[in-house]
Amino acid sequence: MKIKKNYIVAGSVLVMGVTLLLGYDLYAKPFIFSKSVVKVKTSTDYLAKNYTLTEADVYLDKVSREDVPKAALTNLEDAIGKKANVNITNGVILTGYLVDTDLIEPGENEGIFAISKDSIYAINGSLRAKDKVNVYVVKSKDNKKMKVTGEVTATQSTSTTTKAEVKIDAEMVDLESLGKPIIEKAPVNFVRTEDNNDVTDSDKGNNNKRMTSTGRVSSPELKLTNEQGQALLTEIENGNKFWIVRVE
């Protein structure tokens, strides 16, 4: 009788174990411990950089949550119609870093226009790639009243100014006096330092809400239409400078 009871207990434990295992494989694993992500499918070696993804190039797949990379795409709509930022091989999980989810890459009649330090009146030190900016024109008559470095204003002349004069100069040019921006909500492709390095929060990327930076902002590269780029060139040829303001 005791042996029979042991068999019953052992059988119950076995059934319970199989039930739990099946429950994990059929329910917990695919629905609780997994996440749907967008993957690439291609019959070639890779999808080339700047290739525009189509519906045939992507599919949804469930993977373990611990294997999901940061900024992974979870909806097909987030990938279809977007351009690849790099070469992407078959089966790779798409992320916001691999595809141009913000459409930063230029399209038809567009280009990436760099604004040099010499053409900038003022710019946000917190500016980062994928921000959006308004660009205001500061006419040449105001260009002698530049940003302050130490106790001296950066002027077109060789004369120096006192701290009091610097304060007066700083108050003579403001956004309201400049009127409507020449360009509104232009996407920022890159933000460069003087030695042409990218400006990010830290060496690990933009990860601390702009509290620090890897360098001083020198010049941005904006995605503009060719007409907007020509408008900037015309202002530069007229001796004007730009006040670049982060708006998004």
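Before you click: residues count from 1 along each chain as its sequence is written, and side-chain values use heavy atoms, without hydrogens or water. Because the model is predicted, local features need pLDDT of at least 70 and side-chain atom pairs pLDDT 80 or more, while totals for chains, interfaces and linings use all residues.

Select Ser 219 to begin. Ser 219 sits in strand β9, residues 219–225 (strands are DSSP E runs of at least two residues, numbered from the N terminus). Its relative accessibility is 16%, so Ser 219 counts as buried (under 20% relative accessible area, 1.4 Å probe, protein chains only). Leaving aside neighbours within four places in sequence, its contacts (heavy atoms within 4.5 Å) include Ile 115, Phe 190 and Arg 192.

Hop to Ile 115. Beyond four places in sequence, Ile 115 contacts Ser 219, Leu 222, Leu 232 and Phe 242, among others. Ile 115 is also one of the residues touching the most other members of the largest nonpolar core, which has 18 residues (buried Ala, Val, Leu, Ile, Met, Phe, Trp, Tyr and Cys joined through side-chain atoms within 4.5 Å). Colour β4, β5, β8, β9 and β10 next: each gives two or more residues to this core, and β8 gives the most, with four.

Last stop: select Tyr 97, Ala 129, Lys 130, Asn 189 and Asn 206. Of the 20 residues lining the largest pocket, these lie nearest its centre.

Methods: Buried means under 20% relative accessible area, exposed over 50%, partly exposed in between (1.4 Å probe, protein chains only). On a 1 Å grid over the protein atoms alone, a cavity is a set of points where a 1.4 Å probe fits but cannot get out, and a pocket is an open set with protein on both sides within 12 Å along at least five of seven lines; lining residues have an atom within 4 Å of a point.
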